[in-house]
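This briefing concerns the model displayed below. Please keep the structure in view while reading the points that follow it.

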Amino acid sequence: MKKKIRAAALLGVTALIVTGCSAGGGGGGEESAGATGPIDIWLSNNEQEVAWGTAVVDAWNAEHPDEKVNAQEIPAGSSSEEAITAAITAGTAPCLVYNVAPAAVSGWVKQGGLVDLSTMEGGSDYITERGGDVESYATDGSFYQLPWKSNPVMVMYNKALFEAAGIDPEDPQMNTYDAFLEGSRAIVESGVQSAIWPAPTSEFYQPWFDFYPLYLAETDGTMLVEDGKATVDSDAGREVAEFWKTFYDEKLSPNEASTDDAMSAGTTAMQLAGPWAIPSYAETVDVGFMPVPTSDGRENPTTFADSKSVSMFTACENQGTAWEFLKFSTSVDSDGQLLEATGQMPMRTDLTETYADYFDANPNYVAFAEQAEATADVPSIPNSVEAWQAFRDEYSAAVIFGKESVDDFLKNATTKIDDLVAE
């Protein structure tokens, strides 16, 4: 998988962290709920988000001299899941984390590390009025995360490589599985190393960029787990798995990781990506975007939202300031600045109407704004990361490396996920 794609996927594990804990750690408790004072923040090392975060902090500090925010980047090399889990255990967790992968939330709730934002003044109303239908982000009926932004996953393609393979880059007509495979074979026959190059690596989040978007599309939004049971051992799950298996069987997708940025290098014609890819490839590749395929080529298919959230941690001593800063940083104005700086979609109602001027000036993003209306996310379940890891391990064995059958993959993954969710 390309380095840029991997970096974007890891935005959820290279987070913006807002801290308001004492030097000795600990903190939290009822007395913290309304407490105010200076807080420190850590910004992700994504260049556009650093610029956005710095601007938001400067604007806040100008109006709040007694509650100043001091910003710095999160130390390089540590993932947010690992760092935050360790901090919760040590009692030194930060106040707010931006770019939280929703899959991580249930584990932190189980640890007792997250503040129920529904208990903050106007908390539930603010979250639902901003985000609309966000009940799927609740855990045990409460909001331990504010759904912040999304990167709806679509098929990104190299227009020049499509044209060289005889595919119309302005209208590829690859919305069915059969047509997508036909186009992919033409691409490889034209001399390109791969048609599409998903990461074949084992990280728990990798299904979000191969199997899961197509599964959501094929099922009109059925999540990995619903009503406490895995859903993938089904005709739709089997069809999606067999589709991807064909790519590896026919050598249309490599089963080893790319050593460079395959899109920029021209060694792949397609990847699954979100709107972040537009600025990432603006100088290197003329890219187009199309919805993920389905077996029947349905219009407006559902895809993976690739959303990121903001959570507050119980160790935070200045929760009053943290809550106000959270609202400030997710206001209409701040969300507009986020959209301008990153091209990522704020998770708020009436997106295209609210930021009509932006989309008029940036037509390449309109498809993603429209796609944002047809997305689904990961389910809020116990042992979420472990469940996704179990799924990935079984998927890799069957689909990528051909070591077991698709039927065994679906059966084994379902059993493991059901057991984890039931714990």
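The model is predicted. Elsewhere, the axes of helices H9 and H18 come within 10 Å.

**Helix H7**
- Helix H7 spans residues 177-189 and has 13 residues.
- From its first C-alpha to its last, H7 reaches 18 Å, close to the 18 Å expected at 1.5 Å a residue.
- The buried residues of H7 are Tyr177, Ala179, Phe180, Leu181, Gly183, Ser184 and Ile187.
- In an α-helix there are 3.6 residues a turn, so residues three or four places apart point the same way.
- Gly191 follows H7 and has a positive phi, near 115°.

**The sheet**
- Four strands form an open sheet with mixed pairing, in the order S7-S10-S6-S11.
- Its edge strands are S7 (194-196) and S11 (287-290), each of which pairs on one side only.
- On average, neighbouring strands of this sheet are turned by 25° against each other, direction ignored.
- Strand S6 (residues 154-158) runs antiparallel to S11 and is joined to it by 4 bridges.
- Within this pairing, Val155 stands opposite Met290 in S11.

**Helices H9 and H18**
- The axes of H9 (residues 235-249) and H18 (residues 406-422) cross at roughly 130°.
- H9 is therefore oblique to H18.
- The crossing of H9 past H18 is right-handed.
- Gly237, Arg238, Ala241, Glu242 and Lys245 in H9 meet Val406, Asp407, Phe409 and Leu410 in H18.

How values were computed. Residues are numbered from 1 along each chain as its sequence is written. This is a predicted model: local features need pLDDT of at least 70, side-chain atom pairs count only at pLDDT 80 or more; totals for chains, interfaces and linings use all residues. Side-chain values use heavy atoms; hydrogens and water are left out. Helices (H or I, at least four residues) and strands (E, at least two) are DSSP runs, numbered from the N terminus. The expected span of a helix is 1.5 Å times one less than its number of residues. Buried means under 20% relative accessible area, exposed over 50%, partly exposed in between (1.4 Å probe, protein chains only). Two strands pair if DSSP finds at least two bridges between them. Axes are lines fitted to C-alpha atoms, for helices over the stretch in contact, and angles run from 0 to 180 degrees between N-to-C directions. Angles under 35 degrees count as roughly parallel, over 145 as roughly antiparallel, 65 to 115 as roughly perpendicular and the rest as oblique. A crossing is left-handed if the near helix is turned anticlockwise from the far one by less than a right angle, and right-handed if clockwise. Contact means heavy atoms within 4.5 Å.
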